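Hello,

Here is the structure we talked about. Please open it and keep it in view while you read my notes below.

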Amino acid sequence: MSEQALGSGSSAGTIDLDAAWKLHPQVALRPEPFGALLYHFGTRKLSFLKNRTIVEIVESLPEHPDVRAALRAHGIEEDAARPYLRALDTLADSHMIVPS
Amino acid sequence: MTSVLEPPATMSSPAAPLVPKVGRLVDQFELGLDAPICLTWELTYACNLSCVHCLSSSGRRDPRELSTEQCKSIIDELQRMQVFYVNIGGGEPTVRSDFWELVDYATEHQVGVKFSTNGVKIDKKVAERLAASDYVDVQISLDGATAEVNDAVRGPGSFAMAVRALENLAEAGFKDAKISVVVTRENVSQLDEFKALADKFGATLRITRLRPSGRGADVWDELHPTQEQQRELYDWLVANGEGVLTGDSFFHLSAYGDALPGLNLCGAGRVVCLIDPIGDVYACPFAIHDQFLAGNIVSDGGFQQVWQHSELFQDLRSPQTGGACSKCDHYDSCRGGCMAAKFFTGLPMDGPDPECVQGYGTSALEADRTVPKSSQDHSRTGKRAERRTPQAPVPLTLLTRPPAKICDENPLAGME
């Protein structure tokens, strides 16, 4: 399976951590044993989330004032946040999640 | 009709190390999903054409064809299962009188529709209707970049019909139609021309593998690409494949070098499956045979029940050993190739793909083998020799009643 290269290690990407984000209204998220599948009905793109924690974070975004709060609420501290931020950046890049 | 399989466009990064390792996504997929990603639904076996390689041996409508209400119940289930979209084909799906009713019902119930057609019904009015819809994608089948090459496989006038459909769609402002090509010995040399045709109509090119399935079994020996052509095809995909869809059907070529983008494994019963016109559920549209029949929607409690609990699918989702192929250095790239290609050439399932790029398939084909026949044959003629030449298209009017007898060749039987 080819995986997209996700760029260098910096956590600064598309996503503004101090803003509120949500799933794009045209995106369907379907939980699976390994995490979840996401499908954007507008762009026809399919995405995957590879564990349940990131799925829960994404689903909980509307309940938090910003992304940092959502990560903290799931026990993800700054030093462990990088892979999650990369995942959120990828979702933002493909318009799966959008600013609230 | 070919199935519409598209590779995932983006991937998210793996989780933080504090959570248990999930492993590679492809390993997860091999163990199955709660709902298929690429579900092919053949709505009818009726077809106005008689393409020589038809994977579903279509032509005559089956009297047991599911009713409009039964089809809507399936759509209701797909909605509940959160199936994102369904790939509708056949036969020629647009010849069903309730085709548009079903398309609308699906899109109104959060199930996107991508349908495959030979273009017979895509007139200007239909093209406008499609252009106005957000959730319907269209795929036009074409097997030659010229009428000469195409019509030898799909029948006289079929190239013109497909091009007319593409013109109507482009004129109506329909965005991003697909042109779907089955790669054969005769059209491998036309790959650049196919791309140009797609560009001309603002469409996306999709090329897929010829499998010895359905009527394909009768013509596979003469039509499947040679080893040299496979190499050409691989090189072309590596050089030009950006923006070309493949339905994940060339993963067996990954053994040549870098893996091609997409899901490089057999998705049968794990990521994909087929619902046929009478409600039978098969592991894959290329595997219409009792061996790959998981159940029936009507008699086995519905689609979800069959997808999640059928014995066949549980079996396919258990770890596969790979057999003789697992010893090969390239096994990781090709995963032993296509199950249907092996089955319908009479090769063992735990051995090489007939088109194995290392050549193991060629030697396997030389051994004694029995070629199984498809379980369903709705071709309009039964004689093997006749089926190698496509008949002229049949002018069809929409039927509102199933045919009188299963053996009626004439799709208009009983309507006079």
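**What I found**

Start with helix 8 of chain B, residues 216-223, which is mostly covered: six of its eight residues are buried. The buried ones are B:Gly216, B:Ala217, B:Asp218, B:Val219, B:Trp220 and B:Leu223. Keep in mind that this is a predicted model.

**Chain B as a whole**

Chain B has 14 helices and nine strands. Of its 416 residues, 52% count as buried. Now take contacts in chain B between residues at least 6 apart in sequence. Of these, 72% join residues at least 24 apart.

An unreviewed UniProt entry annotates residues 33-243 of chain B as "domain: Radical SAM core". Over that stretch the chain is 40% helix and 16% strand.

Nine strands of chain B make an open sheet. Their order is 6-5-4-3-2-1-7-8-9, and the pairing is mixed. Which strands stand at the edges? They are strand 6 (204-209) and strand 9 (293-296) of chain B. Each has a single partner strand, so one side of each is left without a neighbour in the sheet. On average, neighbouring strands here are turned by 25° against each other, direction ignored.

Look at strand 6 of chain B and its link to strand 5 (residues 178-183) of chain B. The two run parallel and are joined by six bridges. One pair to find is B:Val183 with its bridge partner B:Arg209 in strand 6 of chain B.

**The core**

The largest nonpolar core has 134 residues. Those with the most contacts inside it are B:Val86, B:Tyr282, B:Cys284 and B:Ala287. Helix 6 of chain B (residues 158-171) supplies the largest share of this core, six residues.

Click on B:Val86. What does it touch, leaving aside its neighbours within four places in sequence? The contacts are B:Leu39, B:Trp41, B:Leu78, B:Ala106, B:Val111 and B:Val113.

**Two crossing helices**

Helix 5 (residues 147-154) and helix 6 of chain B have axes that come within 8 Å and cross at roughly 110°. That makes helix 5 of chain B roughly perpendicular to helix 6 of chain B. From helix 5 of chain B, the residues that meet helix 6 are B:Ala147, B:Asn150, B:Asp151 and B:Arg154. On the helix 6 side of chain B they meet B:Ser158, B:Phe159 and B:Ala160.

**Chain A**

Chain A has an open sheet of three strands in the order 2-3-4, with antiparallel pairing. Strand 2 (27-32) and strand 4 of chain A are the edge strands, and each pairs on one side only. The twist averages 20° from one strand to the next.

Helix 1 (residues 52-60) of chain A packs on this sheet and touches strand 2, strand 3 and strand 4 of chain A. Its direction makes about 45° with that of strand 3 of chain A.

Six bridges join strand 2 to strand 3 of chain A. There, A:Ala28 stands opposite A:Tyr39 in strand 3 of chain A. Strand 3 (residues 35-40) and strand 4 of chain A are joined by four bridges. A:Leu37 faces A:Phe48 across that pairing, standing opposite it. These two strands of chain A form a hairpin with five residues between them. In the turn, A:Arg44 has a positive phi of about 65°.

Best wishes

Key. Residues numbered from 1 in each chain as written. Chains lettered and ligands numbered in written order. Predicted model: local features only at pLDDT ≥ 70, side-chain atom pairs only at ≥ 80, totals over all residues. Core = buried A, V, L, I, M, F, W, Y, C linked by C-beta atoms within 7 Å. Buried ≥ 20, exposed ≤ 12 C-beta atoms within 10 Å, placed from the backbone. Contact = placed C-beta atoms within 7 Å. Pairing = 2+ DSSP bridges. UniProt positions renumbered as here; feature names shortened; annotations may be inferred. Axes fitted to C-alpha atoms, helices over the stretch in contact; angles between N-to-C directions. Parallel < 35°, antiparallel > 145°, perpendicular 65-115°, else oblique.
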